[in-house]
Every structure is written in C-alpha cells, then in structure tokens.
Amino acid sequence: MINIIANLFINGLLLGGLFALTAFGLSILAGIMKVINIAHGDFAILAAYLALTIMRFLRIDPLLCILIVAPIMFGVGYLFQRFTINRVLPKGANQPVLVTFALSIVIQNLLLLVFTADARSLTPNYLLMSINIFSLSPSPRYLLGFVSALIVFSAIFLFFKKTYLGKAMRAVPFDPEAAKMIGIKSEVVYNYAAGLALLVVGIAGVLLGMAFTFYPDTGPTYVLLSFGVVVLGGLGSLKGSLVGGFIIGEALVFGGYLFGSCFQLMFCYLVILVILYLRPQGIFGGKL
Amino acid sequence: MLEVNSIDVFYGDLQVLWGVSLKVNRGEIVSLIGPNGSGKTTLCKTLVGVLRPKAGSIFFIGKRIDQLSTPDIIRSGISIVPEGRRLFGNMSVKENLELGAYAAETRKNVDDALEWVFSIFPRLRERQNQLASSLSGGEQQMLAIARGLMSKPRFLILDEPSLGLAPKIVLEVYDLIKRIREEGVTILLVEQYADKALENSDRGFVLENGRVVLEGPSEKLFRDERVKKAYLGE
Amino acid sequence: MARLKNQYLYIFVILAFLVFLPLWVGGFLRDALILILLYLAAAEVWGFMAKHAGIVSLGQQAFIGVGGYATAVLSMYYGVPMWASVMIAGLMGGGLAAVLSFPLLKLRGIYFSIGTFLVAEVIRLFFNSWEFVGAGKGLIFSTAYYVSTLILYYPALVLGVFSIFLVYYLYHSKLGFGLRGIGGDEDAASSLGVNTFRCKALCFVIASLLTTLVGAVNSIHHTYLHPTSAFSISWTVNFLFIAVIGGVGTIFGPIIGSIIFVALGYMLSQYLGLSLLLEGIIVLAILLTFPEGLWGVISRKLKLKLKPPL
C-alpha cells in the first residue's frame, strides 16, 4: 500500500515539475503584461506539432528538436506581443479575453487542417522503459519533464537575477513609469518577455508531447491546468509555479488512481474551481 | 547648458504648461519652485522625454532633445530623480542602482559607476543587498538620487527631494546636493518648499499654473515680497 | 406620436412576415431559419452579458448541452410532453445558473471567464461518462422525430424575437442601468450602492435560461445528442463570432451575424474545421481593426443615428 502511495506521490511530484514549467510561460505573460493568454495551451501543442514535423524531416531525437523549436517559439511570442497584445491592451479589460480566445480557435483548427485529428505522440522508445530505484518506479517521461523543468527554471532564475534585460522585466511591472524615466522602454521589454514566455511554453510543449499523446484540441486542457497552477501559485512567481505545479500534479495522479482516467481531469478541474472559489488570489498572493 | 524655449505641454487635450522658458548654465544649481499642481513635475517629465511638448523646443548642450526618446536623452547626459522616489521596491539596492545605468554608457562599466556612487553614499554600500523597500525614508531618497547618478549625468533633475523627510535628513540631502555639484554635475532642483531650495541654489524660477511668473538670482527671490508671502510663510 | 406609431407598425409588419414565412419556403430554408433564430437568441444575450455587464462567459455551451439533454431525458425517459420538457429544461438551466453564480461571480474579469470554461468542461466530462444518458455513445432523441420542422420554427421564432426585446428591455431597465455601471467600473458602481452581485447574477441567470431553451429546441431539431458536440466550445465560438461581426452588445448586429454565420456554415459544411478557422480569423481581424463590427460600420456609413443598444 505504502509503495503505491509513494509511487503516486513521486510521479505527482515529477509531473508537477513539468506542469510548473508549462504554466510558467502563462505566469510570465500574466505577471509582466497582465494578460492571461487563453491560447497558451494551444501554443504548447503548436510547439509539439512543430517538433513532430522537424522529427519527420530531420529524423532527430525530440529533445534535440527543442533546440530548433525554442527559437521559433521565441519569435512567435515576440510577434504575438508586438502585433496582437500591444494592440489590445489599451482597449479595455475584455479585449484580451476575446482576442486570445479567437487565437486559440484559429490555432486549433489550423492544426486540425494541417495534421488531421489523428492522435500524435513524440515519445521516443527510450522513454517507454521502466525505471526501478529503491523499489519505486517513477515514470521516465515525467522524470525527464521534471529534470528539464529544473534546468530551465534555473536558467530563467539566473536570467532574471543577473542580466539587465531580466532585471528590467522585473522592474517594469512594478513601476512602469519609473522604468520609463530611467530609460527603459517598456514596449521592448514586453516584446522580449513575451518571446521568453513562449520560448518556455515551446520547451514545455515538446516535453508534454513526449509525455502524453496529443490532438489539435488538446490545447485547452493545458491552458486550464496551467491556469490552475498559476492561480494556486500566484502570478509571475517562480516559487509559486513550482508549488502550484506540484499540487496539480498530485491531484492528477491521485485523481487518476482514485477515480480512473475518465474522471481524472474532471477531478482536477474541480480542485482548481474550489481553489478559485476559496482563495482567488492564490497561495502566494498577487492580484491580476 | 539647458535651454527650454517657450514650451506648451498637454496631457491629452488638457494644457498644463504655457510658453514655459528657462535656462540653466553649466555648474549651476537652479531651483524651480511653485505650488502643488503648478506643473513642475510635468516639466520634469518633459525634460526627460516622458512627455513631448506640442510647441517650443528644448536644447541641451546645443543639441535639440525635445523629440528624442527617453533613453536617448539619458545618453545625452540628463538624468532624473523622480518625485516620490519611485524605487523598485521588489529589487535590491544594488539592482536599483544597476538599473540606473540601464540606458546609459555606464552600463558597460557598471562597477565603476557603482564605486563612484558608493563613495558618495557609503551607507548604500553597506545595504547594497537589502531590498529597496526595507530602507528608511531618508535612505530611500539617497538611493533614488544615487540611482539617478549611475548614468554619470552632466545634468541632474531632482523632483521634490525633501518630500516627506525629517528636517535632519533634509539637511543631509542638501549637503549631498552640494557634494554632487562639486563632482561636476549641474542641477535642477524642483521643490515645493521654497526656503531650502532658494538657500541652496544660484538662481530660481517660480512656476504657477503652468507659467513662469518670476525668475532671477535666488538671493533676490528669497527677499521678494510675493515669494515671501506665497512660499516662505511670512 | 406619429413616429412612435410608425415604429410599432414596422415591427408588426416584420413580425407578421416572419410568422408566415415558413409557409412559403421549402424545408431546407426552414432549417436554416431555425438555426438563424436560435443562434440569434443565444448570441444576443451572450453579447449583452459581455458588453454591458462585463461578463464574458466561455461556458454557455454548458447550458446548451444541459438544455438538450434535459429535454431529451424528460421526454423519452419520463414521458413528459415535448414542450413541457422544454420549459422544465429551461428552468433547470436557470437553476443551474443561479447555483453557479455564487462561486463564479465572485471572480473578476478573466478569472470569471476561465471559471465558466472550467465548469463547462467539468460538465462535459461528466456527461461523457454518465451511462444514464448514453455517455460517449450519445443519445438518440427518438420522440423528437415527430416534431416537424414547420412546428419547430415557431418556438425558435419566439426565442429569437424574445431575445431582441429582452435585450432592449434589459438595457433600459434599472437592472440594465446598474449593469452598465458595473461594466464600466465595477468598484465605482459598487460604491454608489449598486448591488453588483445581484445585478450580475440576475443577468447571468436570465441569459443562461434563454441559452438553455435554445439548447432544448436545438436538440429537438437535431434529434441526436452527444457530449462532445452538445458541450463543445464551438458554441461559444459561434456566439462570439456572431456577436463580434455585428458589434458586441448591439441588437441588430447579431441579426446580421447569425445570417452570415449560418450561410457560412452551409457553404463550408464539407470542410471539417475550416468554418471555425475562418470564424476565428475573422473575429481576430475585426477585434484588431474595427471592433464595432460590420453593423457598426454599416450604420456609420448609412449615417443611421442609432441610440444604444441598437
């Protein structure tokens, strides 16, 4: 019994790391630009399909695809911010909802047209074998996601702490006018922040594609789960994303064990709804 | 050094400054006084490019700057310590200082600039890794001024540096201002409390309702009847 | 006085025309008209909520699905007469909205929108596993076979026309006044004594009840229910499309929007996903360039001085 619980717990933790990474891109956009991107999950799936295409043409390992997908997604984020979000922010609080929602639909149906509704997966064979450490068997796909998440998070932490652009990204949301007065151009910072956010989303998307099968319409599931992570952990907070990811990961894993795969997602969504109701500002606070 | 020629500044459709002109020569400390809402901060914002004048021009060391972007203006050598300090409370003292050099040439040798600034503000060196929001009022003002100096400006604008500070700290701040002048920086001092500003400056301008109503050597303004009645509480 | 009489005359003539219309057209057009009217009704209230109350619901498909399934279950399993089933289903939808308004309306802005999306997904997933209603295999609405298209037209007409009057009335009522204050600045409205929760809840319940009725009539028309289509997000996408094309929150806008929408649907019916893709692209284009929509542009060009909410 303890073995089962321990296994579930470990897998929840590992999965949580992956979800924390997935949600982090959403968190950056929301924390810095104050916009929640409904198309977030669809961008992740887009990255997975991109990796799929690259794999088909170049026949390389999906992990290596990240090296190509990441810069592409950075560019997508940059353009997204420059031509969409920038236009929409001043017009009123509801515009970003409608625009990102429409974008979500466009991406989903574009993917449907190009790649059909068939199930896809990026899982290479080496991730299908089982691991056994101390009589625990963590899922290798989740483990990969977790380790990658830690690496990416560390890199981002260093970026925010040590580089000028990273510091500017922390300063601008705190006091945009002061930042302007010392010469920081907030539009430029926002463009790069969006690029960074989608770069992270892209990496997460490929990892998700390696862990789970995906369809053109899998996007909304990931944005809802990411939203759950963000709500739980607070906006723009690295620590918060990890904690939120952990909770969602455990909820999914235990939910799957207790209620079966049919109700797994439903259980998770209900957990998120309950948290939204009880503590809309999340565990670490931070209003939108 | 700085020449403001008859600028009109608007917030949207609302005009805030009418034909404002002023001049600051190299090495001077010039004060700009006037009541709340007279447009002092608007003028400061226009000088650094956050706002643009709809009419008139601004020249700095012979170069026209009123249509330049803020980073370009900072690179020309102007820096501002905003009203209310406007520090980044979520970041450390050192990080706030580093950001002061963001747009400037000094960014490439940020450590040199830091050393220079720490020599003027030793207390900041002690607290360099502390969160900016954890400093006292006086220390925060020091930090704000220090941040303004990180770009090694030739011209520094101080918007209400004594606001909300205890008298003892205000004296410290003004000593610092004198020290900064000694380091070769020309200063525009914007204050609501006219007495300290006029005591410590060479010349002054009085701004009321968006217009310059008086100007002259600080000594003279200090003794001027109108100024005394309105601002020096006599 | 004469102007007033004229307006009523116009409305009467149009209504009379609409009432007799299905007698003159063939079955295919009747289907199209039913769809237009149903989508019109749902999009009108969706747009009203979004524009005037500041509530953007991404979960109205929950009510469409509940309306459909409730009607089918009541009619087939419990032998309730068809139109009574529809009414009861509507009330159930309204009740559901009332219950949901407590947790959901505490949330602001996008949190609310995502909350509605979450709820709709939970309901969809639930129905997908609920054996009682056929789960993933779907439910065949056998008793609906006996309802002819001609008969079905009239409830659809009622819903469509009613939604227009409802939106107009709501806008000019005290409730509407309060809602517009909330939509403008919620905190300001609250400080002026507007009971924001009650206003938003009332609006949400009314809109959702109407949406449920739309779902009920739609299920009779379609005669087959499946969780994926009954609770699909594409319902909301379509409402958004219709509302945006016309100009979110206007009355005439969705009329144009739903006609365009149904026409587009028929033209692109063989291309899976293409119609939704096109809708999304058009919505994006409109939102980013002229958000007042087609109706806004037309009324400007024709120099029609229309008072809101028209």
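## Where the chains meet

How many residues does the contact take from chain A and from chain B? The contact takes 14 residues from chain A and 20 residues from chain B, where two residues are in contact if their C-beta atoms, placed from the backbone, lie within 7 Å. On the side of chain A that touches chain B, helix 6 (164-174) and helix 7 (176-181) of chain A each supply at least two residues, and the largest share, six residues, comes from helix 6 of chain A. By class, this side of chain A divides into eight nonpolar, one polar and five charged residues; Ala, Val, Leu, Ile, Met, Phe, Trp, Tyr, Cys and Pro count as nonpolar, Asp, Glu, Lys and Arg as charged, and the others, Gly among them, as polar.

This is a predicted model, in which local features need pLDDT of at least 70 and side-chain atom pairs count only at pLDDT 80 or more, while totals for chains, interfaces and linings use all residues. Residues are numbered from 1 along each chain as its sequence is written, and chains are lettered from A and ligands numbered from 1 in the order in which they are written.

## Two helices of chain A

Helices (H or I, at least four residues) and strands (E, at least two) are DSSP runs, numbered from the N terminus. Helix 1 (residues 2-33) of chain A packs against helix 10 (residues 238-278) of chain A at an angle of about 130 degrees, with their axes 6 Å apart; axes are lines fitted to C-alpha atoms, for helices over the stretch in contact, and angles run from 0 to 180 degrees between N-to-C directions. Helix 1 of chain A and helix 10 of chain A are therefore oblique to each other, since angles under 35 degrees count as roughly parallel, over 145 as roughly antiparallel, 65 to 115 as roughly perpendicular and the rest as oblique.

The residues of helix 1 of chain A that meet helix 10 of chain A include A:Leu8, A:Gly16 and A:Phe24, and the contact of these two helices has 14 nonpolar, nine polar and one charged residues.

## Strands of chain B

In chain B, four strands form an open antiparallel sheet in the order 2-1-4-5, where two strands pair if DSSP finds at least two bridges between them. Its edge strands, each pairing on one side only, are strand 2 (14-24) and strand 5 (63-64) of chain B. Five bridges link strand 1 (residues 2-11) with strand 4 (residues 55-60) of chain B, and B:Asn5 has B:Ser57 as its bridge partner in strand 4 of chain B.
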